[in-house]
Amino acid sequence: MAEAPVAARSDPAPVLAAAGREAKPSAADLLAWYDRHRRDLPWRARPGETAEPYRVWLSEIMLQQTTIAAVRPYFAAFLDRFPTVEALASASSEAVMSAWAGLGYYSRARNLHACARAVVAQHGGRFPDTEEGLRALPGIGPYTAAAIAAIAFGRPAAAVDGNVERVVSRLHRVEGDFAQALMDLGATICTPKRPACALCPWLGPCRARQAGLQENYPVKAPKREGLLRRGAAFVAVKPDGAILLRTRPPKGLLGGMAEVPTSEWRGDYDSAKAVLDAPFEARWRRAPGVVRHVFTHFPLELAVLVGRAAADAPAPEGMRWTSRAGLADEPLPNLMKKVLALALGEALPERPKAARRRG
DNA sequence: CATGCGTGGGA
DNA sequence: TTCCCAAGCAT
């Protein structure tokens, strides 16, 4: 990676360099490209303006493993509901989880809330302006710490691991826009499939392109496909429409999110015997079909059983009755929205989802 | 250090 | 339809 410190080299110069192209990637080329092609995103400062750390942080957390298109409406909704880090810190856990519902990877939401509280309680409401300080906060790892330090505080940090950052920053005396320029390059030109190499400011020095193997990189580790699990979900309805819900354990799958009671999810679950797992005795009726859902590491099929409860039926231990109107404020993951939609024969009121826009 | 952890959209 | 993801983090 690093340039050889001595001039004497036995390797012949690459053919492409002889054709007049750059032999190595220059930060100037990348930044010139960025000046012309930078994307205008809600959490980004306009040229010349200073990025707001709260917005940068919020967007970076949301964008972890998540597309810009998915993040846009959630980012807008969060800013509207929690305009400042203080507002977010003082919000209830339920409000935060509910606002995050549908975005996935819910540990991010728990850490987001914990981070906001730490910033307020330990840093006077100001985000630390160094990678090290940021890295110490919940939900902020090496990548995100570097990204925030560079974007919000102008630190010469490349949003990669520390070793690469050190090499690159020394090699090019990197400052300012480099992090965002790299992100835009990766998002719009250097895409996983069919990269637009002809438009790339680093076309010349790209080794993969020179070999014609750009689509073979990066090499990805094969991941094993998860085995199908099955289970049953129980939608209990009172005469006034209230639904029986409970909250999942704070950690693990869908941690802290709301759900209707379900059986265990197992590969050999027999939904014909599902009624044995019901939260209370009733005439449970099987809704037609199943709910299919794919998690990160396994697919799931849930049978849905619907039962009526008396108006004065108490909620079983650890559960609660939620009015139909109150469902909108529950942190229901998409899986549970599918279950309720099937059980109630209607779609739940959609969370405000902005019109599709391209990232 | 390998694994667990969601979702919607594009190809 | 089916496949493959997308600005990682915590443990």
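Colleague: What percentage of the 359 residues of chain A count as buried?

Modeller: In this predicted model, 41% of the 359 residues of chain A count as buried. The chain has 13 helices and seven strands. Among contacts between residues at least 6 apart in sequence, 66% join residues at least 24 apart.

Colleague: Why is leucine 137 called buried?

Modeller: The relative accessibility of leucine 137 is 5%. Buried means under 20%, so leucine 137 counts as buried.

Colleague: Where is leucine 137, and which residues does leucine 137 touch?

Modeller: Leucine 137 is placed in the loop between helix H8 (131–135) and helix H9 (142–153). Leaving aside residues up to four places away in sequence, leucine 137 touches Cys115, Ala118, Val119, His123 and Pro128. The C-alpha atoms of leucine 137 and leucine 112 are separated by 9.3 Å, and these two residues are 25 residues apart along the chain.

Colleague: How do you know that strand S2 and strand S7 pair?

Modeller: Four bridges join strand S2 (residues 243–247) and strand S7 (residues 319–322), in the antiparallel sense. Pairing requires at least two bridges, so the two strands count as paired. Within this pair, isoleucine 243 stands opposite threonine 322 in S7.

Colleague: What makes S2 and strand S3 a pair?

Modeller: Two bridges join S2 to strand S3 (residues 258–259), and the two strands run antiparallel. The rule asks for at least two bridges, so S2 and S3 count as a pair. Here threonine 247 stands opposite alanine 258 in S3.

Colleague: Which residues come nearest to DNA strand C?

Modeller: Of the 22 residues around DNA strand C, Gln65, Gly139, Gly141, Thr144 and Pro192 come nearest. Sugar and phosphate account for 64% of the atoms of DNA strand C that come within 4 Å of the protein. Helix H9 gives the most to the surface near DNA strand C, with three residues. By class, this surface has ten nonpolar, seven polar and five charged residues.

Colleague: What makes the approach of arginine 39 to DNA strand C a polar contact?

Modeller: A polar side-chain atom of arginine 39 lies 3.4 Å from a base nitrogen of DNA strand C. The cut-off for a pair of N or O atoms is within 3.5 Å, so this pair qualifies. For tryptophan 43, an N or O atom in the side chain is 3.3 Å from a base nitrogen of DNA strand C. In the case of tyrosine 143, a polar backbone atom is 3.3 Å from a phosphate oxygen of DNA strand C.

Colleague: Why is the link between arginine 46 and aspartate 40 called a salt bridge?

Modeller: The closest N and O atoms of arginine 46 and aspartate 40 are 3.4 Å apart. A salt bridge requires such atoms within 4 Å, so the pair qualifies. Arginine 46, at 48% relative accessibility, counts as partly exposed, and aspartate 40, with a relative accessible area of 49%, is also partly exposed. Exposed would mean over 50%.

Colleague: How do you know that arginine 55 and glutamate 52 form a salt bridge?

Modeller: Their closest N and O atoms are 3.7 Å apart. The limit is within 4 Å, so this pair counts as a salt bridge. By this rule the count comes to twelve salt bridges. Arg39, Arg44 and Asp184 are linked in a network of them.

Colleague: What does the salt bridge between glutamate 330 and arginine 320 tie together?

Modeller: The side chains of glutamate 330 and arginine 320 meet at 2.8 Å, N to O. Glutamate 330 lies in the loop between S7 and helix H13 (334–344) and arginine 320 in strand S7, so the pair ties together parts that are ten residues apart in sequence. Glutamate 330 is buried, with a relative accessible area of 11%, whereas arginine 320 is partly exposed at 25%.

Colleague: Why is histidine 293 called buried?

Modeller: Histidine 293 has 15% relative accessibility. The limit for buried is under 20%, so histidine 293 counts as buried. Histidine 293 lies in strand S5 (residues 291–294).

Colleague: With which side chain does the side chain of histidine 293 make a polar contact?

Modeller: The partner is the side chain of lysine 338, at 2.9 Å. Lysine 338 is also among the residues that histidine 293 touches, including Phe298, Pro299 and Leu300, when residues up to four places away in sequence are not counted.

Notes. Residues numbered from 1 in each chain as written. Chains lettered and ligands numbered in written order. Predicted model: local features only at pLDDT ≥ 70, side-chain atom pairs only at ≥ 80, totals over all residues. Heavy atoms only, no water. Buried < 20%, exposed > 50% of the residue type's maximum accessible area, 1.4 Å probe, protein only. Contact = heavy atoms within 4.5 Å. Near = heavy atom within 4 Å. Polar contact = N/O pair within 3.5 Å; in protein donor to acceptor, adjacent residues only side chain to side chain. Nonpolar A, V, L, I, M, F, W, Y, C, P; charged D, E, K, R; others polar.
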